[in-house]
Amino acid sequence: MAYAPNYQDILSSQMGQMAPSATQYNQASTGVQRNMIQRQFNRDQMGRDYTRARSDINRQADQSFRQLPGAFNRRGMLDSGSYIRGGREMAANVLRAQNRLREDQGQAMMGSYLQDQLDLGNLAELRQNLASQDYQNLVASLYGNQMRGA
């Protein structure tokens, strides 16, 4: 009866872990694709949420700017520097809200893209371990050492 070497067992006994198989690679590849599709959907949703929030900020700013002259006119301060200062403060608040929204959205998007790159890197590493010539040489070497020791 011919002995058929199990390369995974040989490598795992030498390295303390199972060598990747084509099935594991296919499962990992499917998982990465599924995760990337989900993250792309989430990024699309983040874009829609950003647009909606930006629209809300602009609408609130327009309403506030329309009310500003009336508020200062009731107090008799329309011609004072307070009206101009109030308008500038309101504009600064709008810009601050828009910038925070843009920064938060940018960080969330970058985090999502980073996760894509990490998944792809892990998948490439798994594939390299599965198919590289160095891996094949290591398995052959370990198999040869085991056969010599037997």
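Predicted model: local features only at pLDDT ≥ 70, side-chain atom pairs only at ≥ 80, totals over all residues.
Salt bridges with shared partners join Arg-39, Arg-43, Asp-116 and Asp-119 into one network. Side chains of opposite charge can pair when their charged atoms come close.

**Arg-39 in helix H2**

- Arg-39 sits in helix H2, which spans residues 22-74.
- Its relative accessible area is 14%, so Arg-39 falls under the 20% cut-off and counts as buried.
- Apart from neighbours within four places in sequence, Arg-39 is in contact with Ser-112, Gln-115, Asp-116 and Asp-119.

**Arg-39 with Asp-116**

- Asp-116 and Arg-39 form a salt bridge, with the closest N and O atoms 2.6 Å apart.
- Asp-116 belongs to helix H3 and Arg-39 to helix H2, so this pair ties together parts that are 77 residues apart in sequence.
- Both residues, Asp-116 and Arg-39, are buried.
- The two side chains are also joined by a polar contact of 2.6 Å.

**Arg-39 with Asp-119**

- A salt bridge of 2.7 Å, N to O, forms between the side chains of Arg-39 and Asp-119.
- This pair links distant parts of the chain, with Arg-39 in helix H2 and Asp-119 in helix H3, 80 residues apart.
- The side chains of Asp-119 and Arg-39 also make a polar contact at 2.7 Å.
- Asp-119 has a relative accessible area of 11% and is therefore buried, the cut-off being under 20%.
- Not counting residues up to four places away in sequence, Asp-119 touches Val-32, Asn-35 and Arg-39.
- From C-alpha to C-alpha, Asp-119 is 8.4 Å from Met-36, although the two are 83 residues apart in sequence.

**Asp-49 with Arg-52, within helix H2**

- The side chains of Asp-49 and Arg-52 meet in a salt bridge of 3.0 Å, N to O.
- Asp-49 and Arg-52 are three residues apart in helix H2, which means that about one helical turn separates them.
- Asp-49 counts as partly exposed because its relative accessibility is 32%.
- Arg-52 is partly exposed as well, at a relative accessible area of 49%.

**Gln-105 in helix H3**

- Gln-105 lies in helix H3, which covers residues 81-131.
- With 18% relative accessibility, Gln-105 counts as buried, because the cut-off is under 20%.
- Setting aside neighbours within four places in sequence, Gln-105 is in contact with Met-46, Gly-47 and Tyr-50.

Terms used
Residues numbered from 1 in each chain as written. Heavy atoms only, no water. Helix = DSSP H or I, 4+ residues; strand = E, 2+ residues; numbered from the N terminus. Buried < 20%, exposed > 50% of the residue type's maximum accessible area, 1.4 Å probe, protein only. Contact = heavy atoms within 4.5 Å. Polar contact = N/O pair within 3.5 Å; in protein donor to acceptor, adjacent residues only side chain to side chain. Salt bridge = Lys/Arg side-chain N within 4 Å of Asp/Glu carboxyl O.
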